[in-house]
Amino acid sequence: MDHSEHSTGTRTSWKTAAQATLHCLTGCAIGEVAGMVIGTALGLHNAGTVVLSIALAFVFGYALTMRGVLRAGVDFRTAVKVALAADTVSILVMEILDNAFMVVVPGAMDAGLGSALFWLSLAGALVVAFVVTVPVNRWMISRGKGHAVVHEYHEM
């Protein structure tokens with residue numbers, strides 16, 4: 001699927017949306033897991049752990065997108081703009097969902113790193129975030145927004 005198809009408002013395939021979401025989820029998951037592990041290991045309050053996880057999810061999500069865009073020869077400032085346009089909504093939706101999931105699962109945030117409850121809850125949170133974010137990304141890509149803005153740099 002080429003960039004022109006995205007920007008014309010035509011229907012976007014579920015496969016394209018899933019691939020974009022998976023790309024975004026990779027960065028989010030790295031940050032989310034790192035934040036949960038660091039916050040839990042340091043004994044941070046749940047709110048502190050959630051804030052750390054969200055911050056790291058955005059950092060890693062944007063960084064992964066910027067890496068690909070910078071490889072295409074784009075300057076740093078443009079790469080930042082592309083990453084912000086491509087990933088902000090997707091990361092935000094994922095972070096709301098997966099952190100809410102972790103908070104509402106009884107005992108998940110306090111379970112500790114050696115607990116199956118902690119790891120299964122975190123895995124479940126990421127699955128829920130992926131499933132709910134795919135239609136959001138599909139809608140955005142079909143309108144030339146979100147991850148659609150990255151495609152022209154992948155094709156360089």
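Biologist: How do you know that the end-to-end distance of helix 5 agrees with its 27 residues?

Modeller: The model is predicted; local features need pLDDT of at least 70, side-chain atom pairs count only at pLDDT 80 or more, and totals for chains, interfaces and linings use all residues. Numbering starts from 1 along each chain as its sequence is written, and side-chain values use heavy atoms, without hydrogens or water. Helices are DSSP runs (H or I, at least four residues), numbered from the N terminus. The expected span is 1.5 Å times one less than the number of residues. For residues 116-142 that gives 39 Å, and the end C-alpha atoms lie 39 Å apart, so the two agree.

Biologist: What makes Phe 58 and Tyr 62 a tilted pair?

Modeller: The whole structure holds two aromatic pairs. Phe 58 and Tyr 62 have centres 5.7 Å apart and planes at 55°. Rings of Phe, Tyr and Trp (its six-membered ring) pair if their centres lie within 6.5 Å; planes under 30 degrees apart are stacked, over 60 edge-to-face, the rest tilted. So 55° makes this pair tilted. Phe 58 and Tyr 62 sit four residues apart in helix 3, about one helical turn.

Biologist: Which label does the pair Phe 118 and Trp 119 get?

Modeller: Edge-to-face: 5.0 Å centre to centre, 90° between the planes.

Biologist: Why is Phe 118 called buried, and Trp 119 partly exposed?

Modeller: Buried means under 20% relative accessible area, exposed over 50%, partly exposed in between (1.4 Å probe, protein chains only). Phe 118 has 0%, so Phe 118 is buried. Trp 119 has 36%, so Trp 119 is partly exposed.

Conventions:
Helix = DSSP H or I, 4+ residues; strand = E, 2+ residues; numbered from the N terminus.
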